[in-house]
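Work through the exercises below with the structure in view. Each task is followed by a worked solution.

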Amino acid sequence: MQSLLYKKIVLGITGGIAAYKCAELARLLIQEGASVQVVMTDAAAQFITPVTMQALTGNPVYTNQWDARIYNNMAHIELSRAADVILIAPTSADLMAKLSLGLADDLLSTLCLARDCPLLLAPAMNLQMWQHPATQRSVDRLRADHIALLGPASGAQACGEVGMGRMLEPTEITEQIIAFFQKKVLAGKRVLITAGPTFEAIDPVRGITNRSSGKMGFAIARAALEAGAEVHLIAGPCELGTPLLATGKIQRTDVVSAKDMYEAAMASRDCDLFFAVAAVADWAIANPSKEKIKRQGKAIPKIEFTPNPDILLTLAQSAKKTQGKQHPYCVGFAAESARLEEHAQEKRKRKGIPLIVGNIGPDTFGSDLNQLLLIHDRGTKKLAKAPKLTLARQLIQFVATQL
Ligand code: C5P
């Protein structure tokens with residue numbers, strides 16, 4: 001499925017070595033269904049030719065504000081009115097400074113000033129230029145003017161130095177553009193999500209955990225943020241980075257045990273939507289040892305278990321019901337080894353929740369793909385095998401219709 005179908009993107013290119021990545025970026029945007037109109041500064045044309053960009057996008061490239069190919073000779077107005085978004089990648093320190101001051105002395109800066117659509121910048125520059133107080137002043141001013149910045153990232157730079165200032169990779173920029181265009185169906189809503197496994201300590205070096213990677217919960221956190229929600233993600237021990245968008249941040253709380261997760265969730269229970277995606281341990285160790293348990297001949301240590309609190313059940317039981325609707329609206333997850341629909345339906349009723357999401361198939365743990373069965377109070381809906389982020393976006397759209 002193409003995620004940018006019918007979207008019109010003006011791709012601005014400024015003069016920096018990262019401009020060579022624009023060819024790939026244009027291809028990726030087009031692959032997702034967007035039409036791409038390139039506008040370059042004179043300096044950009046030193047790094048990548050207008051011919052390359054015209055051949056790749058199938059559209060004439062504009063570099064000059066006096067370009068007579070535009071019927072009324074007002075390229076800055078015509079090009080910006082035709083765009084759903086202006087994306088500038090790479091954005092130089094010079095252009096950032098100009099835009100922050102409202103200067104307009106070439107086609108690209110003039111069309112940014114004349115625009116009536118959102119503007120997204122992907123900065124790329126040497127780390128000293130990025131850290132310079134003048135550039136940081138531009139960053140603050142641009143953000144205050146609601147101009148979104150994609151990156152920069154940190155890493156090896158073309159000049160041989162290492163640090164902040166690298167342009168995001170074309171794949172990441174494309175993902176951010178797709179995120180930007182998601183429907184804001186959860187604008188103003190507070191969303192709480194538990195994700196990942198929990199870890200129950202036996203002693204300081206051993207414990208019991210499970211195979212949950214956290215990927216599905218993190219994907220739902222990202223999709224909720226993309227949909228305009230304020231998101232609090234409570235994560236069990238996992239290696240995943242917190243999803244970051246140009247337009248917002250996720251609040252993340254890292255926990256270890258089910259009891260920690262329960263306490264963090266209870267402290268944030270005042271929300272509109274709760275997704276219980278975590279694979280929470282059913283039992284904690286009743287008698288964890290403060291010191292590492294030593295082997296003593298052939299004796300086998302005895303581990304006693306004690307039940308963990310059920311986070312989803314507790315939150316669902318304390319939820320309010322107004323006009324037959326639960327608040328917060330609680331969504332549970334079920335990973336079953338057999339008879340998924342039957343077990344998940346039973347779990348949905350036992351927990352008193354309007355929707356449970358069944359993971360179909362045995363290969364869900366750690367995989368980037370999944371397929372889901374949504375079981376709600378009026379029927380079922382299958383979401384076909386797809387990347388977890390795609391499914392998370394579909395799930396968010398579905399849930400928004402139920403609120
Ligand atoms: O009861 P069971 O573990 O089978 O139910 C799974 C669902 O309940 C998942 O949504 C899981 O996140 C949630 N759960 C929970 N707290 C627990 C156990 C499960 O929130 N202690």
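**Exercise 1.** Determine how helix α1 passes helix α3 in this predicted model, and which residues meet.

Solution. Step 1: the crossing of α1 past α3 is right-handed. Step 2: the angle between α1 and α3 (residues 50–57) is about 15 degrees, and their axes lie 10 Å apart. Step 3: angles under 35 degrees count as roughly parallel, so α1 and α3 are roughly parallel to each other. Step 4: from α1, Cys22, Ala23, Ala26, Arg27 and Ile30 meet Met53, Leu56 and Thr57 of α3. Step 5: sorted by class, this contact of α1 with α3 has six nonpolar residues, one polar and one charged.

**Exercise 2.** Describe how α1 is placed against helix α9.

Solution. Step 1: the axes of α1 (residues 22–31) and α9 (residues 170–180) come within 9 Å and cross at roughly 40 degrees. Step 2: that angle makes α1 oblique to α9. Step 3: here too the crossing is right-handed. Step 4: Glu24, Leu25, Leu28 and Leu29 in α1 meet a set in α9 made up of Pro170, Thr171, Ile173, Thr174 and Ile177.

**Exercise 3.** Is helix α10 largely enclosed or largely open?

Solution. Step 1: 11 of the 12 residues of α10 are buried; among them are Met216, Phe218, Arg222 and Glu226. Step 2: α10 is therefore largely enclosed by the rest of the structure. Step 3: just after α10, Gly228 has a positive phi of about 100 degrees.

Key. Residues numbered from 1 in each chain as written. Predicted model: local features only at pLDDT ≥ 70, side-chain atom pairs only at ≥ 80, totals over all residues. Heavy atoms only, no water. Axes fitted to C-alpha atoms, helices over the stretch in contact; angles between N-to-C directions. Helix = DSSP H or I, 4+ residues; strand = E, 2+ residues; numbered from the N terminus. Parallel < 35°, antiparallel > 145°, perpendicular 65-115°, else oblique. Left-handed = near helix turned anticlockwise from the far one by under 90°. Contact = heavy atoms within 4.5 Å. Buried < 20%, exposed > 50% of the residue type's maximum accessible area, 1.4 Å probe, protein only. Nonpolar A, V, L, I, M, F, W, Y, C, P; charged D, E, K, R; others polar.
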